[in-house]
Amino acid sequence: MSESKSWNRYTGIDCFRFAAALLIVAIHTSPLASYTQTGDFILTRIVARVGVPFFLMTSGFFLIRPYQQNRDRLKQFVKKTALIYGAAILLYVPVNLYNGYFSGDGLLPRLIQDLVFDGTLYHLWYLPAAILGAVIAWRLAKRYSRPMALAIGGLLYLVGLFGDSYYGVIEDIALVKGFYGLLFQVFDHTRNGLFLAPIFFLLGGMLGEGKQALSLGKSLWGFGISFVLMLAEALTLHHFQVQRHDSMYLFLLPCMYFLFSALLHWRGARMPLLRDSSLLIYLIHPMVIVTLRLVSKKLGLQELLVENSLAHFLAVCLGSVAFSVPAAALWERLGPKRGRPADTNRAWIELNPEHLAHNAAELQQQMPEGCRLMAVVKTEAYGHGAFAIASRLEQMGVEAFAVATLEEGIRLRRYGIRGEILVLGYTSPGRARELKKYGITQTLIDFTYANSLNRQGMAVKCHIKIDTGMHRLGISSQETEKVKRIFRMKNLKITGIYTHLCCADSRGCREEAFTREQIRRFQGLLEELISSGITVPKTHIQSSYGLLNYPELACDYVRVGIALYGVLSQPGRDTRLQPKLKPVMALKARVVLLRAVSAGETVGYGRTFTAARDSRIAILPIGYGDGLPRSLSNKSGVMIRGQYAPVAGRICMDQLAVDVTEIPGVSLGDVATVICGETDAELSAPMVAETAETISNELLCRMGARLPVVVRSHLGQI
Ligand SMILES: *Cc1c(COP(=O)(O)O)cnc(C)c1O
């Protein structure tokens, strides 16, 4: 199985970056100036203005994304951009010297202003803008809801707009003009990291989430229309001479959004060379311009290479590309190795969001009309990472979540989950204030508990749990009076009532009869409530197996856990419904060490594995500390290069040895699949769980502790 094949590669983005770089060269060389002024204006002051925003959106696309909101990524980006900026500044010092940049008054304030905002040469403003824009967008995305962050980014852009191509509109308003006058003391243009960059980072990030994925047709239409509108806008502003500068247009925003979203549809081969050389072209083209001038002066070719604008543009492009592509290729070979996400150096959980979406849709389809999915995301979403799973589900329209503890619920709120959150387990009544503050719904596990929660004096949303035979949590279904009294408790807002089935996974006669009895008891209680005039709140009974074996129950919710993650608890269980589920998680680790072990030698603690022949052993840096059951020692195995490698010896807390003697060509860095993302495969979660004498539920939920979660569709880019 070739892994990288299934990862998304954004060919369209890589290719357009190259085009964007050439457009930026056009801005600085005015290709059509020798022929038509209007044509040149359209090309360099309108069309080419997509170049820089596109660069910014690309960065935002990979940086401002919710699944891996880790600060290190931002730091890395800032550090890398600052390094490039530093190098570029040094590169252009000779040009600055030649231009007399360092002579003249007020060098220090000018230098500071240029370093932070305007760049020390005309094109370099982009790098500080990228840094500042990234930081601002990051904070906005972290702190505010998506619409709010976009609104703030949009507002900043608007402020920038009136200092840029709409300046003439406000020029007559003294107060506003004064305001911009102040701004222009700090920087020369408003097309900078503060006003221009954040919104494009955010738009890129939003597209990176994949939520608003538009069809290709819609994207192209949207692009076409907004592009025409932008042309009209810019030409109108130009005609009335309103522009102070010409980097920012109102319709540039939709234009970029649709353009980017259209390009996302173009996936295929990865083009790292195009991507990397685009940055180089951008960085060095002013140097090429200078060199070209000097050289053509020496050779007497000025007329051809400098004075004819189109030839000049083409020569600069050619020179920049001729330098940048080989340099990028060289960098790729000699530079630090990348392409391997930091999180996948050791061992990791790989999520397949498409499978999650598929399962949610498949399960929802099986539910009766009006019944909705309550996604059970307790224990880090069964080890998959609560953040990645819940945010993806919410984007798909799931509005109800269930967790086991208040902490889990609060964490979901902090991640920005706005739907209903039900705590299935016990919460100390003393924490009623937090339940209320975070708008989290609490399960009433019995009458005494309800009473003491009510006495806290906080209005708390609750679901009543009814015990219909499992004898775990809940008020007995026979204690009708107590249930009615709970409805009268004045601080408890009863929004739901539910029970839990204890043998719905089995289709044996006795289990079915018991389950039907549980359902009958629950429905009997509801009828009694109705007959005493109580409005029955939302009801739910089934969990995964409840839905699969008793799909006809018409409740308001189904609490689906394990099935949502695309596996069932055990292999080969017969269920009435057999939806095609796809596993969301795969567990992988890299080969970090290979060693030869001679026949008769042993491997690991307790010497439980003895090499029967001269063997090759691979060490994987994953162990029971990551959640892998120790009971798999000398059992189970992993897949490397498409072949099975059995576990050799005891699984340690952090390491695991496998026998790869039979697999040719295993080398360091190879990826070993410990749990695979396919149904019914030998290493599927239910099979591995069975080997470990447990169920998938336990196997998976152990994985939440130490392993990084990597979303598969992002892997190619990190
Ligand atoms: C965990 C849990 C579920 C989810 O069960 P699955 O079998 O994983 O679908 C549903 N209801 C309650 C009360 C639970 O504790």
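Two strands are said to pair if DSSP finds at least two bridges between them, and with that in mind the reader can turn to this predicted model and begin with one of its sheets. Here 3 strands form an open sheet in the order E12-E15-E18, and the pairing is antiparallel. Strand E12 (593–597) and strand E18 (656–659) stand at the edges with a single partner strand each, so one side of each is left without a neighbour in the sheet. From one strand to the next, the twist averages 30 degrees. Within this arrangement, E12 and strand E15 (residues 615–620) are joined in the antiparallel sense over 5 bridges, and a position to look for is Val597, which stands opposite Ser615 in E15.

Another open sheet is built from 6 strands, which follow the order E17-E16-E19-E11-E1-E20 with mixed pairing. Its edges are taken by strand E17 (643–646) and strand E20 (709–711), and because each has a single partner strand, one side of each is left without a neighbour in the sheet. Neighbouring strands of this sheet are turned by 35 degrees against each other on average, if direction is ignored. Strand E11 (residues 585–590) and strand E19 (residues 671–675) run antiparallel to each other and pair over 4 bridges, with Lys588 placed opposite Thr673 in E19.

A polar side-chain atom of Lys378 lies 2.7 Å from an oxygen atom of the ligand, while a polar side-chain atom of Arg559 lies 2.8 Å from a nitrogen atom of the ligand. In the case of Ile562, a backbone N or O atom lies 2.8 Å from an oxygen atom of the ligand. Taken alone, the ligand exposes 390 Å², and the protein buries 89% of that.

Tyr167 lies in helix H10 (residues 167–170) and Phe184 in helix H11 (residues 174–186), so the pair ties together parts that are 17 residues apart in sequence.

Note on methods. Residues numbered from 1 in each chain as written. Predicted model: local features only at pLDDT ≥ 70, side-chain atom pairs only at ≥ 80, totals over all residues. Heavy atoms only, no water. Helix = DSSP H or I, 4+ residues; strand = E, 2+ residues; numbered from the N terminus. Axes fitted to C-alpha atoms, helices over the stretch in contact; angles between N-to-C directions. Polar contact = N/O pair within 3.5 Å; in protein donor to acceptor, adjacent residues only side chain to side chain. Areas by Shrake-Rupley, 256 points an atom, 1.4 Å probe, with all protein chains shown as cover.
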